[in-house]
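Dear colleague,

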Amino acid sequence: MPLFEALRLALQTIRTQKLKSGFSLLGVFIGVASLIGAWSIVNGVNRYMTEKFAQTLFGVNTFQLRRRPMFTPNVPDSVWRAWARRPRIRFSDAEALNAAFTVPVITAWQSSDNQTVFYRDKQARDIELTAASERYFEIKNLRLALGRAFTAQENRSGAPVVVLGDAVAQRLFVDRSPLDRSVRIGGNAYRVIGVVEKQGSVLGFPLDRFVVVPALSPAQNLVNPPGILDAFLVKAQSEPEMRLAMDQAEGIMRSRRHLRPRQDDNFALDTSEGVQRFWAGISRILVVVLPGVVLVSLVIGGIVIMNIMLMAVAERTREIGLRKSLGARRRDVLRQFLAESVAIATVGAGVGVVAGIGLTFLIAAASPLPASVSPVSILLGVVMGAGVGVVAGVYPASRAARLDPIAALRQE
Amino acid sequence: MFRTGDTPLPDVIILTHKLTRAYDMGGEVVRALQGVSLQIRKNEYVAVMGPSGSGKSTLMNLIGCLDTPTSGEYWLNGQKVSDLDDDELARIRNKEIGFVFQTFNLLPRASALHNVELPLIYAGAGARERRGRAARALERVGLGDRMEHRPNELSGGQRQRVAIARALVNDPSILLADEPTGNLDSTTSAEIMAVFRDLHGQGQTVVMVTHEHDIAAHAARVVTLRDGLIASDQLQAA
């Protein structure tokens with residue numbers, strides 16, 4: 001029997017036994033749908049991390065000098081304690097670095113903590129208060145929707161001016177203009193001079209719940225002890241120049257801290273690569289867990305299909321006997337049942353692909369997770385589904401093929 | 001007289017020579033056939049009779065190439081088939097033998113036309129050729145207007161005629177019928193016997209296993225088995 005006939009027959013059998021076939025392809029369906037759904041999330045976040053997060057949020061060719069790395073998966077307690085004992089980054093460190101860089105860079109100070117911002121009788125809680133120097137906006141790619149950022153002069157003099165994140169402006173001023181209004185942060189009055197464009201969110205974390213004040217303004221005491229910085233931000237004009245600046249920063253910091261050659265750095269130089277490594281760590285967990293889930297579904301799906309096929313062989317023993325009496329060879333019968341099991345599994349995988357794509361769009365639309373379907377996952381899903389069909393079908397089909405035509409014909 | 005090493009005469013369609021078949025039934029050997037030598041010529045119409053246990057089903061299975069003998073020779077249409085392997089026997093069944101069963105054995109979900117096409121699928125015929133030949137076979141048994149009907153939309157006699165069309169579609173050397181009227185009332189039985197008579201008249205060799213004397217009476221020759229041996233072999237007037 002040609003393959004085409006076997007396939008046609010298989011599809012016809014599936015059509016006439018919709019309910020049974022529907023149940024039997026459920027396992028493969030779930031396996032493939034979850035494969036594509038989860039893969040799409042990982043894929044989407046990957047792209048987001050490499051394209052949007054790294055490029056715009058962290059900043060291109062930018063590094064940060066910090067006490068400890070910002071994104072760190074699975075760090076043991078002992079390491080955390082060692083990091084906590086490290087000296088903090090000081091204003092003087094930042095000034096020394098600024099004076100020493102031999103490549104053109106722009107730099108900014110940054111210290112942040114959560115605070116409540118008040119306007120008259122309204123308040124916005126859990127707002128990230130950032131005390132930063134004036135180039136911060138440039139390095140972070142924060143463009144202003146209204147008003148202006150503060151100037152170097154305002155930064156140095158510690159002027160009580162503030163730039164609001166979009167969510168804070170919305171919360172406190174709704175649709176009135178916040179410009180030149182006075183808000184209170186930690187008991188100090190600040191004049192609003194600008195509002196930053198809406199940033200949206202990353203992985204569900206809102207990016208607009210912040211305010212930025214000059215690094216030397218009164219609120220600096222709310223975020224850090226005097227003279228201390230969370231991070232010193234350095235943006236170079238190119239990747240090689242950033243590397244050079246990082247080398248210089250490392251050398252200067254080591255000499256300022258009197259580290260001997262064998263001692264490790266007691267500070268961190270974070271780049272967007274660090275963030276990506278952090279994400280790679282998380283996605284690696286997914287990459288380990290995901291195949292497990294998919295595998296379990298597919299194995300269950302395979303067992304279900306094998307059972308259904310064994311039942312089909314038992315039910316259709318007489319038909320098999322008849323086909324053999326009419327000239328079907330073993331391989332014809334084998335092919336017929338194998339085609340049926342592969343067809344069931346492939347249809348399951350196909351429906352799973354459609355459901356997985358649907359799931360992806362649903363996730364992308366209804367949640368902050370950026371999901372995007374990977375063509376490789378579709379191919380893999382269908383191939384694995386068909387593979388399950390082959391594996392699950394071999395035993396029932398070979399049983400059918402070995403049936404003795406006389407006994408098979410006699411069966412009621 | 002045929003001897004081992006001979007080849008049958010050209011017009012001998014079926015030749016069995018000292019055919020035996022023994023089954024091992026849990027240690028006990030049952031000799032279903034104990035040396036059956038039989039020759040059937042082209043365009044004969046033979047009924048095989050015998051009480052149950054006489055070995056007529058075993059002979060039928062051997063003649064139909066569904067089973068292989070324990071010893072002896074079986075020649076079908078000039079070819080020695082008693083020592084062929086499974087796949088070759090499948091090919092012989094496909095090309096040389098047209099089965100008609102007591103219970104029709106039609107695929108319930110397939111149309112009459114598709115049922116008749118089945119042997120042609122295993123013969124490797126293309127879709128268009130299959131349709132054409134299956135349609136002609138159905139017309140031959142008077143079902144040209146029922147081609148798209150399913151078995152459950154047909155009467156018992158019509159179903160058996162579909163089965164006969166299926167048996168004929170590959171132009172077999174023999175039409176091998178196993179109790180073809182066993183599930184039919186007497187009117188319908190007569191109808192089916194008329195079909196057999198017509199086919200025989202057109203030159204078809206027919207071998208029919210039955211235990212009913214009035215059905216066997218339609219055949220030109222009656223072979224009676226008893227205890228695994230031929231008890232009688234008689235020509236009778238049509």
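The model is predicted, so to speak of local features pLDDT of at least 70 is needed, side-chain atom pairs count only at pLDDT 80 or more, and totals for chains, interfaces and linings use all residues. Residues are numbered from 1 along each chain as its sequence is written, while chains are lettered from A and ligands numbered from 1 in the order in which they are written.

Chain B has 7 helices and 10 strands, which are DSSP runs numbered from the N terminus (helices H or I, at least four residues; strands E, at least two). Of its 238 residues, 48% count as buried, meaning that 20 or more other C-beta atoms, placed from the backbone, lie within 10 Å of the residue's own. The C-alpha atoms of chain B fill a box of roughly 50 × 40 × 40 Å along the principal axes.

The contact between the chains takes 16 residues from chain A and 18 residues from chain B, where two residues are in contact if their C-beta atoms, placed from the backbone, lie within 7 Å. On the side of chain A that touches chain B, helices H1 (3–16), H12 (317–325), H13 (330–366) and H15 (405–410) of chain A each supply at least two residues, and H12(A) gives the most, with 5 residues.

Within chain A, residues A:Gly301, A:Ile305, A:Met309 and A:Val313 of H11(A) meet residues of H13(A), including A:Phe337 and A:Gly348.

Best regards

Terms used
A residue is buried if 20 or more other C-beta atoms lie within 10 Å of its own, exposed if 12 or fewer, and partly exposed in between; C-beta atoms are placed from the backbone.
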